[in-house]
Amino acid sequence: DTEVTQTPKHLVMGMTNKKSLKCEQHMGHRAMYWYKQKAKKPPELMFVYSYEKLSINESVPSRFSPECPNSSLLNLHLHALQPEDSALYLCASSQDQAGYNSPLHFGNGTRLTVT
Amino acid sequence: AQSVTQLGSHVSVSEGALVLLRCNYSSSVPPYLFWYVQYPNQGLQLLLKYTSAATLVKGINGFEAEFKKSETSFHLTKPSAHMSDAAEYFCAVSNIMTTDSWGKLQFGAGTQVVVTP
């Protein structure tokens with residue numbers, strides 16, 4: 001069982017819809033991440049939160065809006081997505097952002113389809 | 001700048017045979033290296049990590065990797081493949097020497113492992 005829980009597992013949305021992806025961890029980790037993964041490709045970093053503050057935004061379009069309500073929760077708000085945004089969205093957490101002795105723990109992802 | 005190259009996008013091995021997945025890195029500073037595995041419809045799971053404590057690193061599920069600075073390599077091996085090893089494997093590098101790179105894992109393209117009976 002993964003220690004990072006993502007909901008929903010699958011999501012189908014139209015281009016005019018607004019939806020949210022949710023991620024939760026109870027390992028006391030202070031860094032949380034959103035990744036996007038297309039089929040047969042490695043994950044691509046989107047956002048990093050460190051101590052509940054946005055630390056890294058990898059030039060992600062504004063139709064993706066992250067939120068970190070508290071140290072255990074991470075949301076990704078979606079609005080006016082395009083079909084090419086269809087992908088597996090992975091949440092991860094680590095003890096801190098430095099990463100060298102704090103490897104990432106991944107959730108099982110949300111499979112998003114934009115129609 | 002840092003980067004990771006995984007040689008071979010697909011590897012087919014017989015059950016019981018040696019598994020060897022190749023990873024070469026490019027980094028201007030001592031890197032921290034990781035191998036992750038991704039099973040179908042799942043997230044990534046850490047197999048092992050190199051953080052300069054020892055050049056031979058043992059991980060979960062019988063996997064190990066050896067850091068060779070002279071060859072800038074961090075190849076992953078398992079002496080005897082099992083059907084359950086069929087998955088996608090990613091090598092990744094992390095650079096902590098500058099705060100700009102904190103939290104930015106650089107992944108290789110991945111290697112799909114197929115295990116045949």
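Which residues do ring pairs link into a cluster?

1. In this predicted model, local features need pLDDT of at least 70 and side-chain atom pairs count only at pLDDT 80 or more, while totals for chains, interfaces and linings use all residues. Residues are numbered from 1 along each chain as its sequence is written, chains are lettered from A and ligands numbered from 1 in the order in which they are written, and side-chain values use heavy atoms, with hydrogens and water left out.

2. The cluster linked by ring pairs consists of A:Tyr33, A:Tyr35, A:Phe106, B:Phe34, B:Tyr36, B:Phe90 and B:Phe107. Rings of Phe, Tyr and Trp (its six-membered ring) pair if their centres lie within 6.5 Å, and planes under 30 degrees apart count as stacked, over 60 as edge-to-face and the rest as tilted. By this rule, twelve aromatic pairs are counted over all chains. The pair of A:Tyr35 and B:Phe107 is edge-to-face, because the ring centres are 6.0 Å apart and the planes stand at 85 degrees. A:Tyr35 belongs to strand β4 (residues 31–37) of chain A and B:Phe107 to strand β10 (residues 106–107) of chain B, so this pair joins two chains; strands are DSSP runs (E, at least two residues), numbered from the N terminus.

3. Both of these residues are buried, A:Tyr35 with a relative accessible area of 0% and B:Phe107 with 8%, where buried means under 20%, exposed over 50% and partly exposed in between (1.4 Å probe, protein chains only).

4. Within chain B, the rings of B:Phe63 and B:Tyr89 form a tilted pair, with 5.5 Å from centre to centre and 50 degrees between the planes. This pair links distant parts of the chain, since B:Phe63 sits in the loop between β6 (56–58) and β7 (64–68) and B:Tyr89 in strand β9 (residues 87–94), 26 residues apart. B:Phe63 and B:Tyr89 are both buried.

5. At the interface, 22 residues of chain B are in contact (heavy atoms within 4.5 Å) with 24 residues of chain A. A salt bridge is a side-chain nitrogen of Lys or Arg within 4 Å of a carboxyl oxygen of Asp or Glu, and the rule finds one across this interface. The side chains of B:Lys104 and A:Glu58 meet in a salt bridge, at 3.5 Å from N to O. On the side of chain B that touches chain A, β4 (32–38), β5 (44–50) and β9 of chain B each supply at least two residues, and β4(B) gives the most, with four.
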